[in-house]
Each structure stands twice: as C-alpha cells, then as structure tokens.
Amino acid sequence: MLLVMLIHVLIGMPLFISLMVTVVVGFGFVGFDQMSRIFPQQAFGGIDVFSLMAIPLFILAGNLMNNGNMTPRLLQLADRLVGHLRGGLGHVNVVASVFFAGINGSAVADTSALGTLLVPGMRNAGFPGYYAAGLTAASSLIGPIIPPSIFMILYASQTGTSVGSLFLGGILPGLALGMAFIAMNVIYARIYGVEKQARRARLREITCAAYSALPALIAPIIIVAGIVFGVVTPTESGALTVAYVAIWGVVSGNLNLRSLWASLRDTAVLTSAVFVIIAISSVISWQLAFADAPEAFAEMLAPFAHSPTLTLISISLVTFVTGMFMEEVSALMLLTPIFLPVAQVTGIDPVHLGIVITLNITIALITPPMGACIFVASAVGKVDIARLFVAIWPFIAVALGVLLIIILVPGLTTWLPSILK
C-alpha cells in the first residue's frame, strides 16, 4: 500500500488521487465486498470529531489577521527589538515567525506571508537569496510548534491527549527552535561579514511598535489561556479568536468586505484540502490496523522498549524518512495510530510523543524532495529551487539538533503542562 502511494506521489499525481489508489489497493487485501460499507464509515468517522472544527477557525483567524494588516505590525515590532544587531533582518525573520506562530499555526502560511516581505529585504541587506529563502522556510517551522497548532489538534483527535497540554508543551521547544536559528544567523553574519543595517531603537519606538502590535499579540493569549484554564474548548477558542480579530479589523478599518471574502475563500479552500486528506487517511489507518501493522511495528521496536529515548529516536527516524516523501497531514494521520501503542508500552508521556512527532512532521516541510515550505520560499523569494534544495540542509541539521535535545530532555515538553494541571 505504502509503495503504491509513494510511486503515485513521485510521478506527480494529486495527493488525494494517490491516497484513493492506496485505499483501493488496501481493499484488495481486505475484500472489495467490504469497501462500500467500510469506506464511508471510516471516512466520515475520521472527520466527525468535534475538536477538528478548531482547524478551519484557526486558519480563518490567521487569514483575517493577514488581510487585516496585523502581519506588518508584528514585523515592525520584531525589527524594533532585534533589527539593530549584526545580521538584524535574519533575526527579525526568526522573531517575526515566533510572533506569527501564535496566530496561524501553519508553517506554509508563515513562509508565504513573511517571505514576500523579508526575502527581498534580506537580499538587499547583503544576504544571499538562497540563505534568505532558507532561513524564511526554516523559521516557519516554529509555527506548528508554538500554539495554536493544526498538527497538534490532529494528534489530539487521534490519541485523546489534552489539546491544552500539547499547546503548553510546544511553547519551550518552539522558543528553543527560534533561539537555535538566531544563533545560526549570528554565526553566518559574522563569518560572511553581514553588517548592521539599523540603529538601536529607542524605548519610545519599541513601546509604540508594541502598542501597535498589541491587538495581534492578544490573540495567542485568548487561544492558549482559554484552553489551558478550561474556560473554552479548542473549537470555542478558535471561534472567539475569529470574532475578536474580525471585530478589531472592522472597527480599525483594516477589514472590508473584499478582504473578508478573500479570508473566507482561502480558508474554505485550505480546510477542504485538509479534511479530504484526513477522511481518506482514516480509511488507510483502518486498513493498516486490520493488517495488524501497529502490532508488527511494536514487535520491530521491541528491542528498544527498555529505553524511551531509543524508542523516540527510532520513531523519529521513521517519521523523518516518511515525511520526506508524503504530505505531512497524511503522514501524521497514518503514523500516529502505529506509534501510540509502542509509546504506551515504553512509558513515553503522550504529550512528549506528540511534540516529537509534530516537530518531525514539521521538519519534513523543509526537507527535499516534497517539502512544501521550500517550494513556497523559492517562489516568493525568486530563488532557484535546485540551489535551495542544497542550501536548506544546514537548517535541517539545526532543527534535528533541537529535536534530539527535546528527545533527551523530556522536561522541555512536560514541565509547563505539569505545573498548570
């Protein structure tokens, strides 16, 4: 089944067709007489999950903020904070991704929104175009790690893990990823002699930029605080955020009917794609369970069962390689049911497992040959894709280093959820 899927993806077939062909092959083993009963049951069952309603709401909130002129305000604040340092625009790129992560939860949206503005700016500041595009794509990985996160909501829907705990668990790893990319940018700027481009901002300028960006900075607080303290569900939190952003946009004059329609249209298109993938992946997950694939995988990892660290490293290797060739939502939906029983036997905290899988899946977004963020960064930055395929590997190495630290130090993911239980 997986071989058929891989072949269809590599020859350029649309993803949903590749998944559907895989489903048909799977029913060749299960029995085609079961297809008319099992397919609709599992497909609709896979998307008939209340927490998944949060996904279109968070996507809509991000689109409204983009169309409501909030993104430039976040960029201005990041520039006031770190723009004066050597290689400042590279730091701005990373810090802006941290701010943007609390709004959208989508790495691809981050790459598109920030890359359009920052890649040309970094190129003018003395950075090579391929480095600027690579840093933009790499820093966008922070988006799905710092809450809200579409990947975490999907993981929670499959495992029953608290979304609030996962959101809290992603904060420190997301900040660690940001600091790692800033450190990398510092080293690059010193080695290649990238000069300072701006003076240090005065306190008054920083305060004014923070005040201007305050409406955007409040949104993540609404999302995380409401869920963590049990005031609202993730879906209700998404609805509140949409209402807040829409009202602010209309009152401030930054949202009109045209931008509102564009936000709704873009949300509908992306949500449709995500939910079709979830539905078909649910059928494939059922077929893999029917074939006892989780049990077989657990037996394969049995020699490492005494060590949670070795188990997580093995899971990461499988996820990393799978993510190189498979769309990320599909990979998450297919692999999580296989990994969960293994983690339970080994005694791995489900929040820790969720963050490790999420970061693995996210790194796949910048990994050739299928990484979506690479193609977006190449397009918006007007950089040759083949050159970017080569230039992206140091960023992948840094992200994998952070992943290894998260595996070795579980407290990075479990500490915040534990103190706020």
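Me: In which helix is the place of Leu240?

Reply: Leu240 sits in helix α12, residues 234–252. Helices (H or I, at least four residues) and strands (E, at least two) are DSSP runs, numbered from the N terminus. The model is a predicted one, in which local features need pLDDT of at least 70 and side-chain atom pairs count only at pLDDT 80 or more, while totals for chains, interfaces and linings use all residues. Residues are numbered from 1 along each chain as its sequence is written, and side-chain values use heavy atoms, with hydrogens and water left out.

Me: Why is Leu240 called partly exposed?

Reply: Buried means under 20% relative accessible area, exposed over 50%, and partly exposed in between (1.4 Å probe, protein chains only). Leu240 has 45%, so the label is partly exposed.

Me: What does Leu240 touch, not counting residues up to four places away in sequence?

Reply: Leu240 touches Ile222 and Val232, where contact means heavy atoms within 4.5 Å. Leu240 and Leu57 are 183 residues apart in sequence, and their C-alpha atoms are 9.1 Å apart in space.

Me: Why is Ser237 called buried?

Reply: Ser237, also found in helix α12, has a relative accessible area of 0% and therefore counts as buried. Leaving aside neighbours within four places in sequence, Ser237 is in contact with Phe58, Ile222, Ile223, Ile227 and Val232.

Me: What makes Val398 partly exposed?

Reply: The relative accessibility of Val398 is 23%, so this residue counts as partly exposed. Val398 lies in helix α20, residues 393–408.

Me: Which residues is Val398 in contact with, leaving aside neighbours within four places in sequence?

Reply: Val398 is in contact with Ala180, Phe181 and Met184. Between Val398 and Met184 there are 214 residues of separation in sequence and 8.0 Å in space, C-alpha to C-alpha.

Me: How many disulfides does the structure hold?

Reply: The structure holds zero disulfides, the term being used for a pair of cysteine sulfur atoms within 2.5 Å.

Me: Which label does Cys208 get, and why?

Reply: Cys208 has a relative accessible area of 46% and is therefore partly exposed. Cys373 has 0%, so Cys373 is buried.

Me: Why is Lys382 called exposed?

Reply: Lys382 has a relative accessible area of 74%, so the label is exposed. Lys382 is found in the loop between α18 (372–381) and α19 (385–391). Although Lys382 is not a glycine, its phi is positive, at about 55 degrees.

Me: Where is the cis peptide bond that has an omega of about 0 degrees?

Reply: This bond joins Pro147 and Pro148. Pro148 is in the loop between α8 (129–139) and α9 (150–159).

Me: How do you know that the radius of gyration agrees with a compact globule?

Reply: The radius of gyration is taken over C-alpha atoms, and the globule rule is 2.2 Å times the number of residues to the power 0.38. For 421 residues a compact globule would be near 22 Å, and the chain has 21 Å, so the two agree. The C-alpha atoms fill a box of roughly 70 × 50 × 45 Å, taken along the principal axes.

Me: What does the secondary structure of the chain come to?

Reply: The chain has 21 helices and zero strands. Buried residues make up 53% of its 421 residues. Among contacts between residues at least 6 apart in sequence, 79% join residues at least 24 apart.
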